[in-house]
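Hi there,

Here is the structure I promised to pass on to you. Have a look at it first, and then read on for what turned up in it.

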Amino acid sequence: MSTVSTGSQYGVGLITVLVASGIAIGYYQMYWLPEQLATPDVDEHVLHPVKSTTIEMIMGSASADQQDNFVPKLVNLQLSIDNHVIWKNVDETAHTVTPDHRYTDGYSGDFGSTGVIKPGEEYEFLFTEAPPNIPVTVEYHCQPHPWMTGTVVVSQARF
Ligand SMILES: [Cu+2]
């Protein structure tokens, strides 16, 4: 009688261990592993650059007659120095930051504002990638006002 009850206790214990490790493996495969694979290891200095770069969508940008809109129109970014970019809409019209060609950063994902950036609002993006000695050029525009164009060039920092 006592032998049987000891046996079933072992059985319960074994099932508990199996279920627990099953949950652990399931979690590892479903959540931990994909997250590790999806997010590349980015240098701490690239994640927290020395300063941010601000690009303003200046007053009157919605007018095709106005030459300046994204200011500055061309920025050269260096990873770990100023690769965090903030687009500030200081105009009275809503604008977008839309890539001419799809650009995906391994850490930050797809570049470009989702929807419009309203007056007084901003859009920010952290560029984290550039191969050695080959700057990455990202051209963008404003969807409602396609004459509004800008270029961001991302390079590795030279020390
Ligand atoms: Cu616009």
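Strands β1 and β2 run antiparallel and are joined by 2 bridges. Strands here are DSSP runs of E with at least two residues, helices are runs of H or I with at least four residues, and both are numbered from the N terminus. Two strands count as paired if DSSP finds at least two bridges between them. In this pair, Met57 stands opposite Phe70 in β2.

Before going further, please keep in mind that this is a predicted model, in which local features need pLDDT of at least 70, side-chain atom pairs count only at pLDDT 80 or more, and totals for chains, interfaces and linings use all residues. Residue numbers start from 1 along each chain as its sequence is written.

**The sheet around β1**

β1 has another partner: it pairs with β4 in the parallel sense, over 6 bridges. There, Glu56 stands opposite Lys88 in β4. β4 in turn pairs with β8 in the antiparallel sense over 5 bridges, and Val85 stands opposite Phe125 in β8. Put together, this gives an open sheet of 4 strands in the order β2-β1-β4-β8, with mixed pairing. β2 and β8 stand at the edges with a single partner strand each, so one side of each has no neighbour in the sheet.

**Strands β5, β9 and β10**

Another set of pairings involves β9. β5 (residues 98-99) and β9 run antiparallel and are joined by 2 bridges, with His141 as the bridge partner of Thr98. β9 also runs antiparallel to β10 (residues 149-155), and 6 bridges join these two. His141 turns up again here, standing opposite Thr149 in β10.

**Some backbone details to look for**

Most peptide bonds are trans, and most residues other than glycine have a negative phi.

- The peptide bond from Val71 to Pro72 is cis, with omega near -5°. Pro72 is in the loop between β2 (70-71) and β3 (74-78).
- Ser80 is not a glycine, yet has a positive phi of about 80°. Ser80 is found in the loop between β3 and β4 (84-89), and counts as partly exposed because it has 17 C-beta neighbours inside 10 Å.
- Asn133, also not a glycine, has a positive phi near 65°. Asn133 is in the loop between β8 (122-126) and β9 (136-141); with 8 other C-beta atoms within 10 Å, Asn133 is exposed.

What does Lys73 touch, leaving out residues up to four places away in sequence? Its contacts are Gly150 and Thr151, where a contact means that two C-beta atoms, placed from the backbone, lie within 7 Å. Lys73 lies in the loop between β2 and β3 and is partly exposed, with 13 C-beta neighbours inside 10 Å. Lys73 and Val154 are 81 residues apart in sequence and 14 Å apart in space, C-alpha to C-alpha.

**The whole chain**

Now step back. The protein chain has 2 helices and 10 strands, and along the sequence the pattern reads α-α-β-β-β-β-β-β-β-β-β-β. The chain is divided into domain 1 (1-38) and domain 2 (44-155), with bounds from an automatic or database domain assignment. The centres of the two domains, taken over C-alpha atoms, are 49 Å apart.

The C-alpha trace spans about 95 × 40 × 25 Å along its principal axes. The radius of gyration is 25 Å, whereas a compact globule of 159 residues would have one near 15 Å; the radius is taken over C-alpha atoms, and the globule rule is 2.2 Å times the number of residues to the power 0.38. Of the 159 residues, 22% are buried. Among contacts between residues at least 6 apart in sequence, 68% join residues at least 24 apart.

Happy exploring!

Key
A residue is buried if 20 or more other C-beta atoms lie within 10 Å of its own, exposed if 12 or fewer, and partly exposed in between; C-beta atoms are placed from the backbone.
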